[in-house]
Amino acid sequence: MAQQEISCGYEYIITADLQTCLTEALQCSYSFIVSPIIHPRFRRQSTNAGKNGGFTRSDMVLSPQDWTSRIVAKLSPYINVDSPSATVRQRHEDYLNEELSYCRGLGVPAIMISIHGRESNNLARILQTYYETSHHPSLIWACVPMLCSRTYRECTEDDEEEKAWNEPWYWWSKFHERLDWDKRVGVVLELSADLPSQEVVKRWLGEPVKAIIVPTSIFHNNKKGYPVLSRAHQQLVVSMVEHEAQVIVSGARRSNIEFFVQYLHRVWRRRPNPANDPMLSYARGWEDYLQTPLQPLADNLDTHTYNVFEKDPVKYNQYQKAIAQALIDVQKDRAVKQIAEYFQSKASCNVASINQCSKNELCDNNTKELIRDDPITVMVLGAGRGPLVRATFNASDITNTKVKVIAVEKNPCAVVVLAAQVREVWRNRDVVVIPGDMRQINLSPKADIIVSELLGSWGDNELSPECLDGASNLLKPGGISIPSSYRSYVAPITSPRLWAAAKIATSGIPQQKDKNLETLWVVYMQNKHDIAETKLVFTFNHPSKAVKDEEGCDKSDYRGLPLTNNRRQATLTWDVQQDNIMHGFGGYFDCTLYGNEMISIVPGTHSPGMISWFPVFIPIKTPMRVQKGDKITATFWRCVDSRRVWYEWVVEVGNRSTPLHNANGRSSEMLL
């Protein structure tokens with residue numbers, strides 16, 4: 001959940017009196033403190049670790065509520081269980097287990113542990129055992145510097161400095177990978193006086209950053225003597241907090257500790273205000289929360305779902321504009337045809353002069369009586385509770401056009417609402433409600449315009465192509481479909497949080513975990529980083545064109561409708577610009593309603609303020625480590641049989657390849 005307010009903690013290097021330190025921090029408006037779990041000068045004997053008691057304070061110095069909500073326990077930073085020395089390694093294992101055991105007894109919410117390098121196999125093994133043997137395990141905060149000073153000192157050229165910024169990410173990513181991207185494990189970043197490139201920062205924003213440590217040494221005093229940060233550090237702090245990171249002030253007391261937290265709160269309040277974006281307000285609380293895609297064709301939507309979608313001010317405004325433009329075009333076409341028919345009835349007119357006459361006569365008031373003012377038939381397919389019917393009537397009023405609206409809806413509950421509105425709200429309008437599946441009804445007269453809102457978060461994943469193709473007999477030849485086309489897109493992303501959430505989204509049995517990682521998930525993605533740009537996958541147009549037979553003629557089905565083919569295959573490639581770990585894809589769509597009117601959830605062209613759709617997360621079973629210069633190749637299939645539709649996908653990076661995901665729709669499918 002995106003933070004409404006910044007959460008700050010203070011790190012005490014030494015806590016002579018823990019109660020006094022906690023009281024001081026709380027009085028200064030800090031939310032928690034970070035404290036060593038044992039005295040920093042305490043050293044165990046080289047053998048029989050833990051034999052002598054009293055290596056730390058009694059847990060009775062604080063109340064249980066304080067231990068479980070306001071204390072982050074910091075383990076001894078010198079512990080290195082992956083030391084090349086066997087003696088040191090075993091001794092530090094004992095130290096670590098002793099401190100973890102004490103933390104387990106205290107019930108602290110988080111345990112901070114230092115990562116010393118890329119070698120962390122033994123540390124990951126011990127922490128995995130800790131999680132397996134603890135009933136209420138704490139979160140693990142793995143602390144790494146943003147800049148590796150050792151690597152930085154070894155750099156001889158400016159081009160090599162990037163290695164010093166990348167090295168801590170390798171420490172963290174390899175450690176997290178060894179723990180199978182466990183969502184209970186997060187990273188804590190210690191900021192440095194210098195900051196890395198934006199690409200490095202964006203990659204960290206894709207990681208589960210639980211907190212950032214802001215040393216007091218990177219503050220400088222303003223003219224009034226208060227501590228402040230540089231503009232670049234302010235922006236970094238705000239970006240991290242927006243991605244749910246907390247802030248920990250650490251280091252020498254160069255000023256009153258209350259001044260630091262007051263300044264950080266002021267920086268947060270002065271950030272660019274996102275309140276004007278309806279999407280951010282609507283999505284608050286839903287960040288990185290996975291949801292199963294709707295199947296409105298197989299299942300009837302409930303009242304709550306209708307109520308949420310009908311609150312979108314942008315989508316229906318765009319639909320209204322598209323319908324208005326379509327009404328104008330239909331009206332113009334009718335006028336041209338009617339005048340042409342009139343002049344054709346005159347023996348003196350030849351065909352060549354009809355077109356010229358009709359164009360000129362359209363502007364002549366004397367010809368208005370030649371144009372019949374017949375209503376334009378608009379069919380709303382999947383009318384729900386009527387928002388598109390209202391948009392059609394609004395467009396009719398704006399364009400001064402007569403319309404006859406036919407609302408088709410299969411959901412019995414929604415049909416009741418539509419019927420009530422016909423009686424109470426639209427009683428002076430020409431509107432008819434037809435209950436039933438749009439694919440199975442046959443109405444006359446045919447529609448001049450059909451309007452639908454059957455799109456899913458990946459465009460076609462709620463079976464809009466199958467629905468509209470099945471209802472093509474309801475549209476006149478040359479009629480208008482709104483939407484007229486839509487396209488799906490993907491981009492490779494890194495997101496340990498989304499991948500870990502998908503893995504355990506439903507039942508915990510191993511077979512179900514595999515199914516979860518072969519399923520599309522609707523999610524408002526916040527904690528993710530795009531590895532490469534967004535690319536087009538599938539395109540659908542309406543009315544659809546029939547497939548051709550061997551002789552080049554259109555094929556038709558048993559009802560005489562055009563036989564369409566909605567199977568698709570697309571292969572995409574991306575060049576990797578930065579070392580990363582790929583956890584899957586972000587999926588998006590855009591849609592041309594009619595003419596120039598569009599709606600989109602593609603990041604670069606997102607319709608401002610539109611809230612009806614979150615993107616989709618398309619996971620891969622085993623995350624793949626990619627390096628700068630690698631080429632990612634992904635193939636997606638849209639498969640169709642007589643009763644269902646499903647997606648399959650496979651990813652290749654160099655000589656490595658994932659297995660085929662969701663083969664034969666074994667894990668996820670959309671029922672026809």
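Let's start with Arg118, which counts as partly exposed at 35% relative accessibility. For that term, buried is under 20% relative accessible area, exposed is over 50%, and partly exposed lies in between, with a 1.4 Å probe and protein chains only. Everything I show comes from a predicted model, where local features need pLDDT of at least 70, side-chain atom pairs count only at pLDDT 80 or more, and totals for chains, interfaces and linings use all residues. Residues are numbered from 1 along each chain as its sequence is written, and side-chain values use heavy atoms, with hydrogens and water left out.

So what does Arg118 pair with through a salt bridge? The partner is Glu167, and the closest N and O atoms are 2.8 Å apart. By salt bridge I mean a side-chain nitrogen of Lys or Arg within 4 Å of a carboxyl oxygen of Asp or Glu. This pair links distant parts of the chain, 49 residues apart: Arg118 sits in the loop between strand S4 (110-114) and helix H4 (121-133), while Glu167 belongs to helix H6 (residues 161-178). Helices and strands here are DSSP runs numbered from the N terminus, with at least four residues (H or I) for a helix and at least two (E) for a strand. Glu167 is buried, its relative accessible area being 14%.

The structure holds 28 salt bridges, and I'd like to show you a few others. Arg253 and Glu24 form one, again with the closest N and O atoms 2.8 Å apart. Arg253 lies in the loop between strand S10 (246-250) and helix H9 (257-269) and Glu24 in helix H1, so this pair ties together parts that are 229 residues apart in sequence. Arg253 is partly exposed at 47% relative accessibility, and Glu24 is partly exposed too, at 25%.

Next comes Glu533 with Lys535, where the closest N and O atoms of the salt bridge are 3.9 Å apart. Glu533 is partly exposed with a relative accessible area of 44%, and Lys535 counts as partly exposed at 25%. There is also a network: Glu244, Asp288 and Arg497 are joined by salt bridges that share partners.

Arg497 takes us to helix H17 (residues 496-503). Seven of the eight residues of H17 are buried, so this helix is largely enclosed by the rest of the structure. The buried ones are Pro496, Arg497, Leu498, Trp499, Ala500, Ala502 and Lys503.

Is strand S2 (residues 32-36) enclosed or open? Five of its five residues are buried, so S2 is largely enclosed by the rest of the structure. As a reminder, in a regular strand the side chains alternate between the two faces of the sheet. In S2 both faces are covered, with Phe32, Val34 and Pro36 buried on one side and Ile33 and Ser35 buried on the other.

Which strands does S2 pair with? Strand S1 (residues 8-11) pairs with S2 in the parallel sense over three bridges, where pairing requires DSSP to find at least two bridges between the strands. Tyr10 has Ile33 of S2 as its bridge partner. From S1 the chain crosses through helix H1 (residues 18-27) to S2, and this β-α-β crossover is right-handed, meaning that with the strands pointing away from the viewer the path from the first strand over the helix to the second runs clockwise. Strand S3 (residues 71-74) also pairs with S2 in the parallel sense, over four bridges, and there Pro36 stands opposite Lys74.Let me step back to the domains, whose bounds come from an automatic or database domain assignment. The chain is divided into domain 1 (8-42 + 60-150 + 162-271), domain 2 (303-342 + 367-453) and domain 3 (485-671).

Finally, have a look at Pro465 in helix H16 (residues 464-470). Pro465 is buried, with a relative accessible area of 0%. Leaving aside neighbours within four places in sequence, Pro465 is in contact with Asp460, Tyr486, Phe540, His542, Asn566 and Arg638.

Terms used:
Contact means heavy atoms within 4.5 Å.
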